[in-house]
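This report describes how parts of one protein chain are arranged. Please look at the sequence and the structure before reading on.

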Amino acid sequence: LSDKVKNIFFHMQHYEELFSTDSKFKRELTRINYFLPFNLIANSTWLKNLVSKVANRNSELITPGIDFKMFKPSILPSEKYRPKSKYEILSFVDGRREFKGCKELYETIKSVKKELGKDKVNFKLYGFTLPKYFSDLGVEFLGYVSPYRLPELYSSGDIFLFTSWYE
């Protein structure tokens, strides 16, 4: 079999076993992926090292790149980074997967608004699901944002808050 799959690659984006909320059997079943005779590609040194330790396998490292033709500042730094009466804080939110840090995001928003005052900061959140318990925070939920709109969104913010545990 390995001769037939020598040109097949498995691009690992997570260590799925850690993030599965399924039964122990299903979590262990996901581990089998790392022992299949595929060429492994990791997207982080953390994942590369973990797979090496768990499965005793080498993998290639290809980190996600940034397209600087697409993602570039649209506002001059002298305009963007100056004292303001209100700051825009952007964040990704995903209420479906605990490791994306949704609870941490909620607590951070509460803390920042308490410390700075609700009128000094505006949180714009984008993603797939916004838990109902966020409704008391007064945030702006944009829903899904296409990759083509992300550069404009990122340029509009003063801070990007990323609460994912592993990314």
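The buried residues of helix H5 are Cys 102, Leu 105, Tyr 106, Ile 109 and Lys 113. They lie on the same side of H5, because the arc they cover around the axis is only 100°. The model is a predicted one. In this context, a residue is called buried when its relative accessible area is under 20%, and exposed when that value is over 50%.

The face of H5 turned away from the buried side carries the exposed residues Lys 103, Lys 114 and Glu 115. H5 covers residues 102–116, which makes 15 residues. From its first C-alpha to its last, H5 reaches 21 Å, close to the 21 Å expected at 1.5 Å a residue. Just after H5 comes Gly 117, which takes a positive phi of about 100°.

What covers the buried residues of H5? The cover includes strand S4 (87–94), strand S5 (121–129) and strand S7 (159–161).

## The sheet

Four strands form an open sheet, in the order S6-S5-S4-S7, and their pairing is parallel. Strand S6 (140–141) and S7 stand at the edges with a single partner strand each, so one side of each has no neighbour in the sheet. H5 packs on this sheet and touches S4, S5 and S7. The direction of H5 makes about 165° with that of S5.

Within the sheet, S4 and S5 pair in the parallel sense over eight bridges. Two positions can be located in this part of the model: Leu 90 stands opposite Lys 124 in S5, and Ser 91 has Leu 125 in S5 as its bridge partner. In a regular strand, the side chains alternate between the two faces of the sheet.

Is S5 largely enclosed or left open? Seven of the nine residues of S5 are buried, so S5 is largely enclosed by the rest of the structure.

## Helix H3

Helix H3 spans residues 45–55, and its residues Leu 47, Val 51 and Ala 55 are buried. These residues are on the same side of H3, because they cover an arc of only 35° around the axis. They pack against strand S1 (9–12) and strand S2 (39–42). On the face turned away from the buried side, H3 carries the exposed residues Asn 49 and Lys 53. H3 is followed by Asn 56, which has a positive phi, near 55°.

| H5 | Cys 102, Leu 105, Tyr 106, Ile 109, Lys 113 | Lys 103, Lys 114, Glu 115 | 100° |

## The whole protein

The secondary structure of the protein comes to six helices and seven strands. Read along the sequence, they follow the pattern β-α-α-β-α-β-α-β-α-β-β-α-β.

How does the radius of gyration relate to that of a compact globule? The protein has 20 Å, whereas a compact globule of 167 residues would have a value near 15 Å. The C-alpha trace spans about 65 × 40 × 25 Å along the principal axes of the protein.

Of the 167 residues in the protein, 33% are buried. Among contacts with a separation of 6 or more, 63% are between residues 24 or more positions apart.

Technical notes. Residues are numbered from 1 along each chain as its sequence is written. This is a predicted model: local features need pLDDT of at least 70, side-chain atom pairs count only at pLDDT 80 or more; totals for chains, interfaces and linings use all residues. Side-chain values use heavy atoms; hydrogens and water are left out. The expected span of a helix is 1.5 Å times one less than its number of residues. Buried means under 20% relative accessible area, exposed over 50%, partly exposed in between (1.4 Å probe, protein chains only). The arc is that of the directions from the helix axis to the C-beta atoms. Contact means heavy atoms within 4.5 Å. Two strands pair if DSSP finds at least two bridges between them. Axes are lines fitted to C-alpha atoms, for helices over the stretch in contact, and angles run from 0 to 180 degrees between N-to-C directions. The radius of gyration is taken over C-alpha atoms; the globule rule is 2.2 Å times the number of residues to the power 0.38.
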